[in-house]
Amino acid sequence: MQVLSVASEIFPLVKTGGLADVAGALPIALAGKGVAMRSLLPGYPVVMEAFRKRKAVLQYPSLHGGKAAVHAVRIGDLDLFVLDAPHLFNRPGGGPYGDPAGRDWPDNWRRFAALSQVGGDIAAGAIAGYRPDVVHAHDWQAAMTLAYMRYGKAVATPTVMTVHNLAFQGQFGAGVFGELGLPAEAMTVDGVEYYGGVGFLKAGLQAAWAITTVSPTYAQEIRSPEFGMGLDGLINMRADDLYGIVNGIDTDIWDPAKDRHLAATYDAADLTLRRRNRAAIEERFNLERDESPIICVVSRLTWQKGMDMLAGAVDGIVSAGARLAVLGSGDPGLEGALLAAAARHRGRVGTLIGYDEALSHLMQGGCDAILVPSRFEPCGLTQLYGLRYGCVPVVARTGGLADTIIDANEAALSAGVATGFQFTPNSGDALLHALHRVMRAHGNAEVWSSIQRQGMKADVSWNRSAERYVELYRLLLSRKVA
Ligand code: ADP
């Protein structure tokens, strides 16, 4: 089975969040299950620099205002179609979406319409010798692929639209429609039109044969106005075609037994080795050395992630006796608040602003718990890394966090199945209440190590989830024949 994946980021080449992890790991997981996935992605400078031999398999004399070509390349374990369109993607700043100052490029609609248009062309057989059986688009940047297919020549090819975060919808003014190259009939409520403008994600949700999101609980949540971000009506209409499939993680990259970012590698047989990593964390974050647990946060610093609540709870966390290590970047106000908290609680709280993949590994390998207080969380990956590394997840009970962590309540503890802590409602008070439970459990070495080991036993690999995607692709293909 040949599946074309379309995404705007893919690990390890370009990553701003969980989408890249999924786009990079799923093809590898599917390869073992009889599915050959090729991924179409933009030729950002970092991507173009990652390969030498350029062999164009598709050329455009003019694609949205400039020459473009698609190169078929293999980088690492990934089979890629790289869309080389310098006028759209060769830009400074390193990030996929914005300028060096962090502002979104004003022509993002054009950049990702172009990506999607090429996705639609490939789906329709534009590359000699390649015709995907299924097309799988991720998030708004790739969503229009399914609209191009629907209004073009690939209407009979099954499609999957995966929503990694419904908050990002790609909504633009009606003025862009004329430049998309779609027929006039597409500009309707059951096409790409959305509140008078053009909705990229909306168009994909409308056109997709199946919609998936990255956890069963989030799939249910987005049917409500509270989580639906204005799209709950459409999502409810498509409820029969809506699936929730939890993300896995790349268990080779995230493996405490061989992680080169750790000061000391370890496995469940000897968790005392984690102490060396903890010492490295104390040094990096300027924390006092003692036996109290270090709670860490590795996150975008945003409202969605509950980082304002965290900032408000810092004093309570410190007075409960824990230390806190925060790595993240995002909202300047939240960055400031968390830096101020570190200044206020020198030695007890450390904040590093920035994006540091290596340090994020060390934190999972050396901190005692990872806190994820998200207001909504489609899946969440850091709690899965936490499980694998014996860094006990403490999470808000929402979305994928609800689906992947077993709360250490009395029943779970007595059955020996607890893997972390959940709290609800999502408030500073509930967070601190959970933290007190964490402190109690941490004070009992036997209980704590049972929670750690239970988490490390959880299957967080892509194995089961990849099977679910294969089942879905098969189901859609069977509908095609029928
Ligand atoms: P989202 O995609 O909503 O940001 P996820 O939990 O799904 O959240 O994925 C976030 C990914 O980004 C994880 O792999 C996490 O480790 C990583 N990450 C987030 N912030 C940082 C940071 N400041 N430094 C290193 N890695 C980070």
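Tutor: Strand E13 (294–301) gives the largest share of the shell around the ligand, 3 residues; strands (E, at least two residues) and helices (H or I, at least four) are DSSP runs, numbered from the N terminus. This is a predicted model, in which local features need pLDDT of at least 70 and side-chain atom pairs count only at pLDDT 80 or more, while totals for chains, interfaces and linings use all residues. Residues are numbered from 1 along each chain as its sequence is written, and side-chain values use heavy atoms, with hydrogens and water left out.

Student: Which residues come nearest to the ligand?

Tutor: A residue is near a molecule if one of its heavy atoms lies within 4 Å of it. Of the 19 residues around the ligand, Lys15, Gly18, Arg300, Lys305 and Gly354 come nearest. An N or O atom in the side chain of Lys15 is 2.9 Å from a ligand oxygen, and a polar backbone atom of Gly354 is 2.8 Å from a ligand nitrogen.

**A single residue**

Student: Is Ser461 buried or exposed?

Tutor: Buried means under 20% relative accessible area, exposed over 50%, and partly exposed in between (1.4 Å probe, protein chains only). Ser461 has a relative accessible area of 18%, so Ser461 is buried.

Student: Where is Ser461 found, and which residues is Ser461 in contact with?

Tutor: Ser461 is found in the loop between helix H18 (445–457) and helix H19 (463–481). Contact means heavy atoms within 4.5 Å; leaving aside neighbours within four places in sequence, Ser461 is in contact with Gly248, Ile249 and Thr251.

Note on methods
A polar contact is a pair of N or O atoms within 3.5 Å; within protein, one must be able to donate a hydrogen and the other to accept it, and residues adjacent in sequence count only if both atoms are side-chain atoms.
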